[in-house]
Amino acid sequence: MENYAFGNTMWAGHWLWMALIAIVAVVPAWRICQRTGYSGWMGLLILIPLANLALLYFIAFADWPAEKARQHDD
């Protein structure tokens, strides 16, 4: 009975691996959000399924506050 398919999926390294993946995904998303003029906290949406796709589309097609500020300064 011990050797069934998903018997031991929550081993200690699992949480470390998930934290590493989260950091690798969140840091660039955080920086992209900051550079576009939005709050870096929006980068955490990259961890939520479907919200991550919405975030990418939002950043791709929204008017960026940083770009507006740059145009205003010119």
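Q: What average pLDDT does the protein chain have, and what share of the residues score at least 70?
A: The model is predicted, and local features need pLDDT of at least 70, side-chain atom pairs count only at pLDDT 80 or more, and totals for chains, interfaces and linings use all residues. Residues are numbered from 1 along each chain as its sequence is written, and side-chain values use heavy atoms, with hydrogens and water left out. The protein chain averages a pLDDT (the predictor's confidence in each residue, from 0 to 100) of 85, and 85% of the residues score at least 70.

Q: Which elements of the protein chain have the lowest and the highest mean pLDDT?
A: Helix α3 (residues 65–73) has the lowest mean pLDDT, 80, and α2 the highest, 95. Where pLDDT is low, the predicted coordinates should not be read in detail.

Q: What makes the pattern of the protein chain α-α-α?
A: Helices (H or I, at least four residues) and strands (E, at least two) are DSSP runs, numbered from the N terminus. The protein chain has three helices and zero strands, and its pattern along the sequence is α-α-α.

Q: Why is T36 called buried?
A: Buried means under 20% relative accessible area, exposed over 50%, and partly exposed in between (1.4 Å probe, protein chains only). T36 has 3% relative accessibility, and therefore counts as buried. T36 lies in helix α1. Leaving aside residues up to four places away in sequence, T36 touches I59, W64, P65 and A66, where contact means heavy atoms within 4.5 Å. Of the 74 residues of the protein chain, 14% count as buried.

Q: Why is M18 called partly exposed?
A: The relative accessibility of M18 is 41%, so M18 counts as partly exposed. M18 has its place in helix α1 (residues 12–36).

Q: Which residues form a nonpolar patch on the surface together with M18?
A: The patch consists of W15, W17, M18, L20, I21 and V24, with about 660 Å² of accessible area together.

Q: Why is the pair of W30 and W41 called edge-to-face?
A: The ring centres of W30 and W41 are 4.9 Å apart and the planes stand at 65°, so the pair is edge-to-face. W30 lies in helix α1 and W41 in the loop between α1 and α2 (51–61), so the pair ties together parts that are eleven residues apart in sequence. With a relative accessible area of 24%, W30 is partly exposed, whereas W41, at 60%, counts as exposed.

Q: Why is the pair of Y57 and F61 called stacked?
A: The rings of Y57 and F61 have centres 6.0 Å apart and planes at 25°, so the pair is stacked. Both residues lie in helix α2, four residues apart, about one turn of the helix. Y57 and F61 are both exposed.

Q: Why is L50 called exposed?
A: The relative accessible area of L50 is 67%, so L50 is exposed. L50 lies in the loop between α1 and α2, and has a positive phi of about 70° although it is not a glycine.

Definitions and conventions: Patches are made of residues with over 30% relative accessible area and no salt bridge: like charges are joined within 9 Å, nonpolar side chains (Val, Leu, Ile, Met, Phe, Trp, Tyr) within 5 Å. Accessible areas come from the Shrake-Rupley method with a 1.4 Å probe; for residues, only the protein chains shown count as cover. A salt bridge is a side-chain nitrogen of Lys or Arg within 4 Å of a carboxyl oxygen of Asp or Glu. Rings of Phe, Tyr and Trp (its six-membered ring) pair if their centres lie within 6.5 Å; planes under 30 degrees apart count as stacked, over 60 as edge-to-face and the rest as tilted.
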